Amino acid sequence: VAALVRAFGARSEVSGDDLVVEGAARLTPAVFDARLDHRIAMAAAIAGLAAAGRGEHTVVTGWDAVATSYPAFARDLAALTGATAT
């Protein structure tokens with residue numbers, strides 16, 4: 001999770017079992033490897049939506065893992081936001 005936060009331009013620090021996040025004024029698009037973790041892949045997609053609008057796109061590798069828990073996530077996200085995941 002800390003790597004996800006940092007990839008999108010915010011600061012994070014891990015201390016034992018604690019994660020401290022210092023928000024950024026604006027998230028930046030990123031290429032992020034979810035390492036086949038379905039939860040991280042979906043979180044990265046949401047972060048990518050918040051980072052959109054700069055002419056760049058977020059790319060989440062390891063996306064196939066989303067089918068583990070929520071195969072319709074991309075479809076449902078597109079229906080809610082108009083964003084597409086390919």
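Analyst: A residue is called buried when its relative accessible area is under 20%, exposed when that value is over 50%, and partly exposed in between. The model discussed here is predicted.

Isoleucine 40 belongs to helix H2, which covers residues 38-51. Its relative accessibility is 16%, and because this is under 20%, isoleucine 40 counts as buried.

What does isoleucine 40 touch, once its neighbours within four places in sequence are left aside? The contacts of isoleucine 40 are then Val1, Phe32 and Ala34.

The phi angle of arginine 35 is near 55°, which is a positive value in a residue other than glycine. Leucine 36 likewise has a positive phi, near 60°, and is not a glycine. As for accessibility, arginine 35 has a relative accessible area of 65% and is therefore exposed. Leucine 36, at 64%, is exposed too.

Next comes a salt bridge, formed by arginine 39 and aspartate 37. The closest N and O atoms of this pair are 2.9 Å apart. Arginine 39 has a relative accessible area of 55% and is thus exposed, whereas isoleucine 40 is buried.

How many salt bridges are there in total? The count comes to 3. Another of them joins arginine 11 to glutamate 22, with the closest N and O atoms 3.9 Å apart. This pair links distant parts of the chain, since arginine 11 is in strand E1 (residues 11-15) and glutamate 22 in strand E2 (residues 18-22), 11 residues apart. Arginine 11 is exposed at 58%, and glutamate 22 is partly exposed at 46%. A further salt bridge brings together the side chains of aspartate 76 and arginine 75, at 3.2 Å from N to O. Here aspartate 76 is partly exposed, with a value of 23%, while arginine 75 is exposed, with a value of 58%.

The discussion now returns to the helix and its packing partner. H2 packs with H3 at an angle of about 20°, and the two axes are 12 Å apart. An angle under 35 degrees counts as roughly parallel, so this description applies to H2 and H3. Their crossing is right-handed. On the side of H2, the contact is made by Met42, Ala45, Ile46 and Leu49; on the side of H3, by Phe73, Leu77 and Thr81.

Phenylalanine 73 is buried, because its relative accessibility of 9% is under 20%. A pair of aromatic rings is described by how far apart the centres are and by the angle between the planes. The structure holds 2 aromatic pairs. In the pair of tryptophan 63 and phenylalanine 73, the ring centres are 5.9 Å apart and the planes meet at 50°, so this pair is tilted. Tryptophan 63 lies in the loop between strand E4 (59-61) and helix H3 (73-81), and phenylalanine 73 lies in H3, so the pair ties together parts that are 10 residues apart in sequence. Tryptophan 63 counts as partly exposed, with a relative accessibility of 22%.

Tyrosine 70 and phenylalanine 73 also form an aromatic pair, and its geometry is edge-to-face: the centres are 5.4 Å apart, with 75° between the planes. Tyrosine 70 is partly exposed, at 33% relative accessibility. Trp63, Tyr70 and Phe73 together make one aromatic cluster.

In summary, isoleucine 40 is a buried residue of helix H2, and H2 packs with H3 through residues that include Phe73, a member of the aromatic cluster.

Key
Residues are numbered from 1 along each chain as its sequence is written. This is a predicted model: local features need pLDDT of at least 70, side-chain atom pairs count only at pLDDT 80 or more; totals for chains, interfaces and linings use all residues. Side-chain values use heavy atoms; hydrogens and water are left out. Helices (H or I, at least four residues) and strands (E, at least two) are DSSP runs, numbered from the N terminus. Buried means under 20% relative accessible area, exposed over 50%, partly exposed in between (1.4 Å probe, protein chains only). Contact means heavy atoms within 4.5 Å. A salt bridge is a side-chain nitrogen of Lys or Arg within 4 Å of a carboxyl oxygen of Asp or Glu. Rings of Phe, Tyr and Trp (its six-membered ring) pair if their centres lie within 6.5 Å; planes under 30 degrees apart count as stacked, over 60 as edge-to-face and the rest as tilted. Axes are lines fitted to C-alpha atoms, for helices over the stretch in contact, and angles run from 0 to 180 degrees between N-to-C directions. Angles under 35 degrees count as roughly parallel, over 145 as roughly antiparallel, 65 to 115 as roughly perpendicular and the rest as oblique. A crossing is left-handed if the near helix is turned anticlockwise from the far one by less than a right angle, and right-handed if clockwise.
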